[in-house]
Amino acid sequence: MINLSGNVQIHFNEIQKIVDHIEEHFDREITADEIERLSQYSYRNFQRIFFKIFNETISGFQKRLRLEKSYKKLIYTTDKISDIAWEVGYLNIQSFSKAFKKQYRLSPAEARKQKQEIFKAFIDSETSDFRYEIKYKDAVSVYGTFIKAKDYNNHEINDLWDIIEHENRDSFSAYGIIRDQPLITGGSHCRYGAAISKEGSGLRKMDIFGGKYIRFAHYGSFDTILETYRSFYRFWLTQPDLLLDNSDVIEEYLQADTGENITYIYFPLYS
């Protein structure tokens, strides 16, 4: 529950539908009337609520989404820069390039050329025998909630799952939703979603999957899952024809008959 001055109180889940709306329509102006209709608050009050939760304005959030999505497209795909600018809501490449350079201190063309440099510190220089599968996944309806997890640290994520597991004691399928790319998004803005296959208190219905994915597996403790992600990026950087989409990465949590934890990680592929 978020408490503001006066009598305004709102749960984070209650504004997630507005955040989803902004994300879905990030490439155009979101009007005050839209916000008021969806939130049942005055635009001014909702701005205050939004800023308290996200520490940025609605317009700042939307601008950041545009540039982060464009950055992903620049390094994940081979789309023309002019097409990317149009897709994320800029009317011309000049205004896009100016905004991008102000945010990241390099041009869109330089960002694309420096793809290897972006991941260099994260992946180190090791090589590994990377095993993966290409999977087509139908959309799945789940029930979940999102938190801001700085740099996707396990402490905050584990606390969230402790609450969900305590309130939903029956067995259920469990998924993690990785919404942001922490090498592009500022660490404090990274969003993590925890979702299960059954209705639960404080959880909202949503759809995940729905498309073509590259799937690989992490075995054992979540404390070492970053090493598995590093292995994936090392492999991906050597595969220029393997293009990724900028939508959510999905983690599927399972347990083997031996009791070992298995996390299947699904990266969406660009089509």
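Author: What follows goes through the salt bridges, pair by pair. The model is a predicted one. The count comes to 13 salt bridges.

Take Asp20 and Arg204, whose side chains meet in a salt bridge with an N to O distance of 2.8 Å. This pair links distant parts of the chain: Asp20 belongs to helix 1 (residues 12–24) and Arg204 to strand 7 (residues 204–208), 184 residues apart. Asp20 is partly exposed, at a relative accessible area of 22%. Arg204 has a relative accessible area of 19% and is buried, because the cut-off for buried is under 20%.

Helix 1 also holds Glu23. Glu23 forms a salt bridge with Arg179, and the closest N and O atoms of the two are 3.3 Å apart. Arg179 lies in the loop between strand 5 (174–178) and strand 6 (191–196), so the pair ties together parts 156 residues apart in sequence. Both Glu23 and Arg179 are buried.

Another salt bridge joins the side chains of Lys135 and Glu133, at 3.9 Å from N to O; the distance counts because the cut-off is within 4 Å. Lys135 is partly exposed, with a relative accessible area of 28%. Glu133 is partly exposed too, at 36% relative accessibility.

Salt bridges that share partners also build one network, made up of Asp20, Glu23, Arg179, Asp180, Arg191, Arg204 and Asp248.

Technical notes. Residues numbered from 1 in each chain as written. Predicted model: local features only at pLDDT ≥ 70, side-chain atom pairs only at ≥ 80, totals over all residues. Heavy atoms only, no water. Helix = DSSP H or I, 4+ residues; strand = E, 2+ residues; numbered from the N terminus. Buried < 20%, exposed > 50% of the residue type's maximum accessible area, 1.4 Å probe, protein only.
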